[in-house]
Amino acid sequence: LIACLSLVGLLTACAGVPDADTRSARAENLAQKAAMKRQDYTRGGLQIASWQRWSGNPEAPAPDKLLTIYIEGDGHAYSARQRPSIDPTPLDPVALRFALRDDSDNVMYLGRPCQYMNCENVGAQTDYWTDRRFSPKVIATYNEILDHLRYTYKVNRFKLVGYSGGG
């Protein structure tokens, strides 16, 4: 009886988790309502999704140009204890919700590796949303994105806001 109840509980819990496409569509709808546009980055072999909102021409230099960047937490990194999920897209994109409420001129949201993406060769990347989420490769990927933003959009300053594992 206990084994049967445990199985029913497990199946009920699994049935309540929306699939990755549904989670991605939900985030896309939230971002679009706030006039944030999707821009994805591939750096160092890792794929990072972003949504961004710029005031005026984003490529125009401006004195003291500030970009506020919100970095998502670990998301749905594990589907069960000690079992990585096949897609780390968050069930609730908390950092995106923070970014949507920010009324700064230039705001960006960055997901974590493979969130909101159909990553190729996912099995090789699960370490980057579990055990190696703070590895030099992951940190270097974000640094490359910041360098790209600095040079392409003439950003002078960054304000980084991390949620949970994104901090």
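A residue counts as buried when its relative accessible area is under 20%, as exposed when that value is over 50%, and as partly exposed in between (1.4 Å probe, protein chains only). By that rule, 40% of the 167 residues of the protein chain are buried. The model you are looking at is predicted, so local features need pLDDT of at least 70 and side-chain atom pairs count only at pLDDT 80 or more, while totals for chains, interfaces and linings use all residues. Residues are numbered from 1 along each chain as its sequence is written, and side-chain values use heavy atoms, with hydrogens and water left out.

Now let's follow the chain. The protein chain has 5 helices and 7 strands, taken as DSSP runs numbered from the N terminus (helices: H or I, at least four residues; strands: E, at least two). Along the sequence, their pattern reads α-α-β-β-β-β-β-α-β-α-α-β.

Next, look for aromatic rings. Rings of Phe, Tyr and Trp (its six-membered ring) pair if their centres lie within 6.5 Å; planes under 30 degrees apart count as stacked, over 60 as edge-to-face and the rest as tilted. The whole structure holds 5 aromatic pairs. One of them joins Trp51 and Tyr109, whose centres are 5.8 Å apart with 35° between the planes, making the pair tilted. This pair links distant parts of the chain, 58 residues apart: Trp51 sits in strand β2 (residues 46–53) and Tyr109 in strand β6 (residues 107–110).

Together with Tyr116, Trp51 and Tyr109 form one aromatic cluster.
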